[in-house]
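The sequence and structure come next.

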Amino acid sequence: MTDTYEASVKRSLAIEQDLKINPQNYRVLTGERPTGRLHLGHLFGSLQARVRFQQQGVPTAIVIADYQVITDRDTLDDVQNNVYGIVADNLAAGLDPEKTMLFCHSQVPELNQLLLPFLALVSEAELRRNPTVKAETEAAGRTLSGLMLTYPVHQAADILFCKGNLVPVGKDQLPHLEIARVVARRFNERFGGVDYGQSADGRPRNFAQAVFPEPDALLSKAAHVPGLDGRKMSKSFGNAVYLGMTADETAALIKKSPTDAERQIAFDPENRPGVSALLTTTALCRGLEANGESEAQIAAEINADPKFGAGLLKKKATEAINEFLAPHRARRAEIERDADAIKAILRRGNARAREVAAQTLGEVQRAMGTVY
Ligand code: TRP
């Protein structure tokens, strides 16, 4: 049943095309864990795509997955600030909360209740072999908690409560999406009377009774933004350009970022990770494709200058990043000036999510016969 990666890529490309023609056939669900502030990687990797969905008229919901914060850490330190910051950055990137539903899953009891029947549909063995859960448990260096083991099922509830059928994801989220597909299919079979086995094309014969769609992955083609030192952009490495930083803070961070002693600038990610990361980031912020060529061009531009070297590279990177982020930062500052408005937007998103979730939970209970 498990799709190969190649099959997922192929299907994702086909959906990408169909999305332009039939946006109304899709319901996108995407989101993130509020473990910190959003950075340049988030803007290129997911926020820009969300704005594109909105412009294309694809109904889209964004979950801020606060319960997922305690999968690999003990506390929800700073979660409130992180959540408000995420809302501010989504709005600053261009999301219209009236068009795109933005909510916190902890505030939607009906969503969380779906977890109970969903847990009945998966086996312990299936949960234990999820490679992403294994990797995250190892990275956290702690014993596997019940929530860590089952959070992919909870994530299925994030997706299915609003009948999301398209989830923009990176490769690491594919195992979770497979669980969401399994949960949807098994629920439909077991409680909806849907028979997937008997039609020639594999579609359920009595599809009308299916409560849940089987969500597809939309694999990201977005540019990968390296951290300033060439490693993954991450809070723990101190190599992330946050969207909410000031221009001066950005300049100071880049000043500290590691380069090397070679004066000639060249794009060579393996041997010169710091220099190469700055070249890639400069290219992306100048609106170029990070294809190696753009980076080489910027390197040539620097080498042609009498003041060539890492200092000039950093100057150009700082200019490109700050110039690119200036409009986002201006909008963000404006939005943050009204903390009550941010809270009101989130509350309204939560309330709308509850309406949708209550509707779905009603269908689930009718399908299961738990109606009294
Ligand atoms: N697990 C995702 C991440 O770490 C965040 C997430 C939570 C999510 N619920 C989701 C993503 C539902 C897509 C759909 O990035």
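How far apart do the C-alpha centres of domain 1 and domain 2 lie? In this predicted model, the distance between the two centres is 34 Å.

## Domains and contact

The domain assignment divides the protein into domain 1 (5-224 + 339-368) and domain 2 (247-336). Domain 1 is therefore written as two segments, as given by the assignment. To the contact, domain 1 contributes 14 residues and domain 2 contributes twelve residues.

## Buried area

Between them, domain 1 and domain 2 bury about 1,100 Å², and carbon and sulfur atoms account for 70% of this area. On the side of domain 1, the residues that lose the most area to domain 2 are Leu40, Phe44 and Ala92. Together these three make up 41% of what that side buries.

## Polar and charged links

One salt bridge is counted between domain 1 and domain 2. A salt bridge also describes the pairing of the Asp89 and Arg332 side chains, with an N to O distance of 2.7 Å.

## The side of domain 1

Three helices, α2 (40-56), α3 (79-92) and α14 (339-368), each supply at least two residues of the side of domain 1 that touches domain 2. Of the elements on this side, α3 gives the most, with five residues.

By class, the side of domain 1 that touches domain 2 holds ten nonpolar residues, three polar residues and one charged residue.

How values were computed
Residues numbered from 1 in each chain as written. Predicted model: local features only at pLDDT ≥ 70, side-chain atom pairs only at ≥ 80, totals over all residues. Heavy atoms only, no water. Contact = heavy atoms within 4.5 Å. Buried area = accessible area lost by both parts, 1.4 Å probe. Salt bridge = Lys/Arg side-chain N within 4 Å of Asp/Glu carboxyl O. Helix = DSSP H or I, 4+ residues; strand = E, 2+ residues; numbered from the N terminus. Nonpolar A, V, L, I, M, F, W, Y, C, P; charged D, E, K, R; others polar.
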